[in-house]
Amino acid sequence: MTTMQRLLQLPVNAVNMVKTVQSQVQGQEEDKSPVLTPDNAPQNWYSALQPDELRHLRSGGTGGGGGGSGSGGGSGGDQEERGPLEEGGGGGSFQTQPLRHDDLKEMLDSNKDSLKLEAMKRIVAMIARGKNASDLFPAVVKNVACKNIEVKKLVYVYLVRYAEEQQDLALLSISTFQRGLKDPNQLIRASALRVLSSIRVTIIVPIMMLAIKEAASDMSPYVRKTAAHAIPKLYSLDPEQKDQLIEVIEKLLADKTTLVAGSVVMAFEEVCPERIDLIHKNYRKLCNLLIDVEEWGQVVIINMLTRYARTQFLNPNINESLLEEGADKTFYGSDEDEDEDEEEKEKKAEATAMAKRKPYVMDPDHRLLLRNTKPLLQSRNAAVVMAVAQLYFHLAPKAEVGVIAKALVRLLRSHSEVQYVVLQNVATMTIKRRGMFEPYLKSFYIRSTDPTQIKVLKLEVLTNLANETNISTILREFQTYIKSMDKDFVAATIQAIGRCATNIGEVRDTCLNGLVQLLSNRDELVVAESVVVIKKLLQMQPEKHSDIIKHMAKLIDNIQVPMARASILWLIGEYCEHVPKIAPDVLRKMAKSFTNEEDIVKLQIINLAAKLYLTNSKQTKLLTQYVLNLAKYDQNYDIRDRARFIRQLIVPTEKSGALSKYAKKLFLALKPAPVLESPFKDRDHFQLGSLSHLLNAKAGGYQELPDWPEAAPDPSVRNVEVKESVEEVIDNSEGRIGLLGDWREVFTLLERVTTLTSVPEWTKCSSREKRKEKKVEKPFYSDSEGESGPTESADSESDSASRSESASPSEESRSASESEESEEGSESEEEEEEEQEKDKKKKKKELSKPVQESESEQSSEEEERKHERKSKPRVQTKSDSESESDEEEEESESESSQSESEESESETEVRKKKKAAESKPPLKPVKKENKKESKKEMSLLDLDDFNPAPSPQVTPVNTFLSNSLVTDLEGLSLSDSVLAPATIAPSSALKNYELLHRITGEGLSVEYCFSRQPFSPDANMVAVQMQFTNSATSEAKNLHMEDVKLQSGMRVKEFPEIELLPAGETATAVMGIDFCDSTQAANFQLCTHTRKFFVSIQPPVGELMRPIFLTENEFKKEQGQLMGMNEITEKLTLDVKCRNEHAIVQRVTTAANLSRVPCGSDKECRFAGRTVTSGSLVLVTVATKEEGGAQLTVNCEKMVIGTMLVKDILLALTQ
Amino acid sequence: MIHSLFLINHSGDIFLEKHWKSVISRSVCDYFFEAKEKAVEPENVPPVLQTPHHYLISIYRGKLFFLSVIQTEVPPLFVIEFLHRVADTIQDYFGECSEGVIKDNVVTVYELLEEMLDNGFPLATESNVLKEMIRPPTILRSVVNTLTGGSNVGDTLPTGQLSNVPWRRAGVKYTNNEAYFDVIEEIDAILDKSGTTVFAEIQGVIEACVRLTGMPDLTLSFMNPRLLDDVSFHPCVRFKRWEAERVLSFIPPDGNFTLMNYHVSSQNLVAIPVYVKQSISFFETGPCGRLDITIGPKQTMGKTVENMMVTIHMPKAVLSANLTATQGNYTYDIATKVLVWDIGKLNPQKLPNLRGSLSIQAGTPKPEENPSLNIDLKIQQVAISGLKVSRLDMYGEKYKPFKGVKYLTKAGKFQVRT
């Protein structure tokens, strides 16, 4: 036990709580005591061993040879059976069963542990073999307090087995467990609770309840886990306790350790699966912890979350489900069409869905679940893989379900039982989503060595997968199967062929011919099965196949299987008009053998007779009457009934009513062809992977998989209020810590620190959301600029101004000008004039869309412009930016525009204007600086607010400021346009990552964030700011790093050693890492004076760059050079909350350390940066469209970085 | 979840029972015996059975049935996987999982079962955690224990239970530090009559035996990781690193374990190492048939094919076989109708051949189907997919371990249809 754990456990000993140090020592002693005693004890008994006791020992090891009684109770148990014989031969000849029990009792009563152990081993062996050992109860229960841990454990085993039968005696042991619950050793506490809760004695329910409650707030996660296990036990013993148990479950659900998560969700599922509201607050945590939970817990959690998601999120396949009926119809339709169909359908569906409701946007929490479960498909545990597979099947958008196919196919290599279950589920999936498994068709081919049940299931899957393209391969495969020795399997194959034939029209004839050939098979079972299937096929198109019917009529002499005979008779009767000559003859034969037929055949003979009588009464009247008479006296009442009924119906008598008129219609009605359906159809209304699905019947305790809700319930219920959770934690610990006084304060503080700073993403994002809510939709910049109310408006103003000033028109003007330029190039000069005229008009109308050729135009234009400038100042600035851009791109672009003379003229024009514009700027840098400074301060404050730790950023801030100033000034000198206010990434959005958790770090927790500030010792390094928090009670010394493991090329600048970190304090350090522009992790050891911890820092790709300033034209130019392979474009649908420019800029700059590039259009946001190590340019463009659509373009020389960045930004914008 | 467990031997005796909740009478197994009667072959017993009040989920392993009784809804794979884990643990503790071994160690097995499940929900299934709580029996320890009264049961919580590397215990010490990796590939294939491949794929597994002191952090990298299509890992492997860099980075469990399973992507054509020429025919006239099989090497990458063996499940009508083998020897088991031809090493100069006649029970019609051939083989020192381990690096410990990699190709489910 480590010091930390011991310390944490203290509060459990409520009495000792004050004398912390003393009890620590004590705890240690107590801890050791069980170990010490057995070591010491043996010497005592060994020297004092009496011959009498030796006898017992020996009797344990007789036949075993060499007295190796310790080699396990097994040998002891084994001998027991032979016992009487051997012992009879030995000394105690009279020993019988009860006496032997006496013997055991005697051994248990002795004060020698070894004798007790031996006795217990034998008793347990008896239990294991199902022998009754209940009369030893009093003798055994006395040993519950035995010091020897193995004896104790075996006594526990015995108790759990027999306590239910001997409740009164069992109560004797309770006090021992209660003592055990307070033991300083967590294993003993846990096992005491385990046994206490496993004893099914109703009278101790209150004690159990108390014990569970206490254990649920134990310091050891292992004990808390045991508490979670105890909950369902108590519930099954006394369901009345439900309410109290739910409280405990609620508390344990909030637990942050992976150890507890699986067990408590299991308890939740058993006790209160309907209380889905308990999950809300823990949803994100569960998703994030999932990967580290042990395998069995993962299965339970995933299954529960599947259900949860079904109630909370919208159906991602909403479009598909709208047209589900339509989809069903074309399901087996021609495949090539299908794809198109689907597309069309989707379009249609989209259209209707659009009309009906707003477009579907996946809830980020839904996405979180899908994302966090996906890696678990790689688990070695088949149950986990299956759980993820069913989750994807039930929850994922259609396009993403495919990933599970590969993993499921992999499971087919596993034990045959696993195959059996997996194939059942695959069979269900293939009906709904056939395409998913089509690439793995061959993995379902059958081997002659497969067990029959596996063969049949594989056949089912193959049949479901059949379509036009693969049917020929499948049929060839089936041909091999038909020759198999396993006749059940052959029969199943024939049915499968039948189903393929019904589903795929083109091969129907081929299949039918094949089946007809099978009719001459020597095996009767095969023939019979073929007949049945042929019958079903013929029913679909009888007129074509009268020769087959004839052929089958001939077969009736040979086939003996009743089902087949019945099928043939039915066919002949139904299609007697196709075989008018043969049918009466068949009836004649059947009438002869009527009495010897099976019931099912007799019924069909009657049917045949009736139908023939109606169509061909001349020939068959007598025969029919004969048959009906025979049937009248049959033993089976069904047949008698049928005969009577038919006689009344078909033979016209005086009494017969109106029905006989319709006899023909009744009998010879056109019957719909049977649909050959998979037995797995519609099984998916059971949750896949469940027992109920496998049995196709609801098993006890099965929780229905709910339907998707019509409208999504409020997603904010999952937001975790940070403060509340802190309070909760304090509340939890209050009972125990209350006495500690100031201790508690420390603890609270530590808790707060850890909750506030450490908690990963899920609280992070929610806290951000919360803050947003509080600040009433305050735009992002106000946040970073730290100015409230008024500036907000000013801000937006400046923003819009900047938009209009710097860039906005130019973007469109560019595109416009370019297209028009090319147009004009092809046109003659005269036309040009007209064109320009038109253009002018256009321009007047659409001020936001000025055209660039204006620069190169005549005075009339110029005048107009002046006019415009007066009326609308925006235009002036616009032209400024134009002029600037023009100057830069002069050489490249100007030739393409107009005649040179015009151009030079215009240029001079422009230059003049430019000078005018240039006279303005000097004011601006100052303003800028001020702004920056205040911004910095505020962000510091912000951080402070957010994080109670002493602010560590002081030093880096200076470098940052100066540095950014330089870039700013650079930018200013380069251009006269006003900077967009978003060039600097907002520092409050920094995300904290956990480096070392408090638990693993034994009290030391470390977090890091990418401060996004230049690392002064080495510009090629990324600055990583680490925050150390010591929540242990002892101080940590000499915090430093060691043993850095890096990929080649990477470098690290270590942080300066922290000599002393007192308990409860926090310290900060900055280190630099040169990641070489890769997202590979830097691994190193974090060392204190006592311990070393392996840690690693992995940068998100967005942190591998630093912002640079580019003008719009520079941006354009650079972008032009980074085309082709270096450009990645993605279409996306923006998150609902992310439809305005602010939000986009905020999300992009949070995801990546980029600066905004001024841009003329409000439909586009541009960002630029350089990778830290190699300085490769990274350019990002987000162009928004209507309805939340957008296009993301990333240009980067480093394609890997580009791809990863696209992913990250996509994620940031869509969630 | 899991209510009770019964261990049943081949002949249908229940020789161990364990209940995690209240006791369920062993008469519940009667439903199982009924199904077993019906199924004829033990492999054909349905793994999941429904009885009026319970559900029975069973696995068949090592000629034993592990039968669990379930009362409420539970994912069947969960139970099946757990039962296999129990069998694995027993195998791990005592070297094999058989009736004799379990009977000999009944108390230890019982204690193990007690630790593995709590109230029917898995509690500790990691073998090293269990081994710290209940030490596996060794002769030495049992002698010492009888003399000193010591016990096989640990009294502190295994470190693995609390750490985030539950598969490794702290304080492992070895004098010789070694890490061995066996890359074993199996070829699953179906060849048709003419020898063309109907279906072939390669499944691989990396078995590791790591005996290293302390907490080593290993990184195993491949020359050609792109070959690997689908993988599954021991929980110790860091998935993120695999995703990003295609290397296996892990803190290994102590001792033997399966590091990863993989599937070689189907784009790569599978090299079939041998070809089989066969003709098996039964004559309509006279109670006999003819059999002629020749096997030769095809694509063996220059290595010799060893442990060649052909197994044929003959039709029921075949009474006896009178054959001559140019190499190796054959046996025909009349009861099970299985013909086994053990060839041994494949000699490319002199191809092994088995030919002769089969006699059929008089009066029965000639069998319709020709039996398919199941082929076993081994090729040492080569992974047929071409997968190569490039290096193994160890971090976190100072010493130099001894490292070894072995390759082996085997036939998995390799079947030739005739």
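Of the 418 residues in chain B, 59% are buried, where buried means under 20% relative accessible area, exposed over 50% and partly exposed in between (1.4 Å probe, protein chains only). A word on the ground rules: this is a predicted model, local features need pLDDT of at least 70, side-chain atom pairs count only at pLDDT 80 or more, and totals for chains, interfaces and linings use all residues. Residues are numbered from 1 along each chain as its sequence is written, chains are lettered from A and ligands numbered from 1 in the order in which they are written, and side-chain values use heavy atoms, with hydrogens and water left out.

**The two chains**

Chain B has eight helices and 23 strands. Chain A has 51 helices and 15 strands. Both counts rest on DSSP runs numbered from the N terminus: helices are H or I with at least four residues, strands are E with at least two. In chain A, 56% of the 1215 residues are buried.

Now for contacts, meaning heavy atoms within 4.5 Å. Taking the contacts in chain A with a separation of 6 or more, 68% come from residues 24 or more positions apart. For chain B, the figure for contacts with a separation of 6 or more is 68% from residues 24 or more positions apart.

**Where A meets B**

The size of an interface is often given as the accessible area lost when the parts come together. Here chain B and chain A bury about 9,400 Å² between them, with 56% of it on carbon and sulfur atoms; that buried area is the accessible area (1.4 Å probe) that two parts lose on being put together, summed over both. Chain A puts 109 residues into the contact, and chain B puts in 102 residues.

Between chain B and chain A there are 38 residue pairs in polar contact, both at pLDDT 80 or more. A polar contact is a pair of N or O atoms within 3.5 Å; within protein, one must be able to donate a hydrogen and the other to accept it, and residues adjacent in sequence count only if both atoms are side-chain atoms. On the side of chain B that touches chain A, helix α2 (residues 76-94) of chain B gives the most, with eight residues. That side of chain B splits into 44 nonpolar, 28 polar and 30 charged residues, with Ala, Val, Leu, Ile, Met, Phe, Trp, Tyr, Cys and Pro counted as nonpolar, Asp, Glu, Lys and Arg as charged, and the others, Gly among them, as polar.

**Salt bridges**

Side chains of opposite charge can pair when their charged atoms come close. The cut-off for a salt bridge is a side-chain nitrogen of Lys or Arg within 4 Å of a carboxyl oxygen of Asp or Glu. The whole structure holds 55 salt bridges over all chains, and the count between chain B and chain A is 12. Here are some of them:

| Pair | N to O distance |
|---|---|
| E477(A) and R417(B) | 2.7 Å |
| R194(A) and E114(B) | 3.7 Å |
| K698(A) and E704(A) | 3.8 Å |
| R391(B) and D393(B) | 2.7 Å |

R194(A) sits in helix α11 (residues 186-198) of chain A and E114(B) in helix α4 (residues 106-116) of chain B, so this pair joins two chains. R194(A) and E114(B) are both buried. D393(B) is buried, at 16%. Shared partners also link salt bridges into one network of K153(A), R194(A), K233(A), K18(B), E114(B), E115(B) and D118(B).

Helix α25 (residues 452-465) of chain A has 14 residues and reaches 20 Å from its first C-alpha to its last, close to the 20 Å expected at 1.5 Å a residue. The expected span is 1.5 Å times one less than the number of residues. Since 13 of the 14 residues of α25(A) are buried, the helix is largely enclosed by the rest of the structure.

Helix α31 (residues 562-574) of chain A should span 18 Å with its 13 residues, and its end C-alpha atoms are 18 Å apart, which agrees. α31(A) is mostly covered, with 11 of its 13 residues buried, including W570(A) and R565(A). Its buried residues pack against α29 (524-538), α30 (546-555), α32 (582-593) and α33 (599-615) of chain A.

Finally, S134(A) is in the loop between α6 (113-128) and α7 (137-141) of chain A. S134(A) counts as buried at 13% relative accessibility. Leaving out residues up to four places away in sequence, S134(A) touches Y158(A), Y162(A), E165(A) and Q166(A).
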